[in-house]
Structures are given as structure tokens and as C-alpha cells.
Amino acid sequence: HDLLDFTDNELIREEFDIHDVIEDAMVGLAPVLEGIECRFARKDPLRCFADKTKVSQVITNILRNAAEHEKTGGLIIISSEKTDSSFRISIYNRNSTIAPEDLESMFKPFFSRKKGGRGLGLFISMRNMRLHEGTIEVRGGDEGTTFTIVLPISTSQEATLNHINLT
């Protein structure tokens, strides 16, 4: 399955609400999230036009990684917003830290510090975001780590969504 994801460079765009994707990821990862406080305050819909499967894969992977670093009683906070130029989904977890020397390598294939990790999850996630002309930002420190998924809003996307909303 990872090998297929590794080579899938096709985007199949559709309109969807990013909040639905976040909630689906939380439900799908319920066993991994057990015993961890996972906060997500759903706001107004964030409708976008992108490859829902690939965006879902990114959110699920980063949320899974966050959960795997937490212990019972841990904390994950998910937030989302739309700026003038992008959708931003942030996933914070309290108990992980990233060594500064790993920041440059963590999105490369086969790089992993996780016991038994294959090192493809973050590589595939970044590749999925780059296919959308987006990125994943990482901010870490002693208080935890935040991964922010940045999905750009293109002019054609805005025009399509405005047209859909008007009809």
C-alpha cells in the first residue's frame, strides 16, 4: 500500500469540507487516540477544491504520528483556518520533540526515528502537499510539536467554489 502511495502523483480534485476530513481521521484513529485528550472545535465549514483522498492521507498520517508520541493523559489540539491565500490545519501534540538536526531530514523517504517505522509517512504527506503546491510546516520545542498543513487556495479554485456556492 505504501509503495502505491509512494508513486501516485495524480490529483483528483473535488469539493469537500476540510472539517469532515479531520473528523473522519479522528474517528478512524479512535483506537490510537484512546486515553489521549484530542481537542477539535469545529467552526464554520472550510470548503475547498482539492484531492480529498490525498488531503485525508496527510491529516491522518500527522494525527497518527502525534497520537503515537502521546501517552495516556496526553493532549492533541487540532485547529483550522482559512487565510487569504490558504487553508491551514494545525496539529499540536504536547509530548513530542523533534531534534533540530532531524528537521531537514524528516520529510525524506525512509527517514524515521520511530521504532519499526518505514519512513514513508511524512515523505508521502509532503509529496501530497507539494502536488497541491502546498507544504507542511513544523514548529517544535520543549512544550510540544505543531505540524501545520498549508493548502493553497488558487484563483481557479476560488472561482469554482464561488460559482458552486452561487448556484
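Helix 5, which runs through residues 121–131, is mostly covered in this predicted model: 8 of its 11 residues are buried. Who are they?

Now step past the end of the helix. Which residue there has a positive phi? Helix 5 is followed by Glu133, and that is the one, with phi near 65°. Glu133 is a residue other than glycine, and its phi is still positive. You'll find Glu133 in the loop between helix 5 and strand 6, the strand that covers 135–141.

Is Glu133 buried or exposed? Exposed: its relative accessibility is 73%, and the cut-off for exposed is over 50%, so Glu133 clears it.

Time to zoom out to the whole chain. Its secondary structure comes to 6 helices and 7 strands. Follow the sequence and they turn up in the pattern α-β-α-α-β-β-α-β-β-α-β-β-α.

| What is counted | Share |
|---|---|
| Buried residues, of the 167 residues of the chain | 41% |
| Contacts joining residues at least 24 apart, among those between residues at least 6 apart in sequence | 72% |
| Carbon and sulfur atoms, of the accessible surface of about 9,500 Å² | 51% |

How values were computed. Residues numbered from 1 in each chain as written. Predicted model: local features only at pLDDT ≥ 70, side-chain atom pairs only at ≥ 80, totals over all residues. Heavy atoms only, no water. Buried < 20%, exposed > 50% of the residue type's maximum accessible area, 1.4 Å probe, protein only. Helix = DSSP H or I, 4+ residues; strand = E, 2+ residues; numbered from the N terminus. Contact = heavy atoms within 4.5 Å. Areas by Shrake-Rupley, 256 points an atom, 1.4 Å probe, with all protein chains shown as cover.
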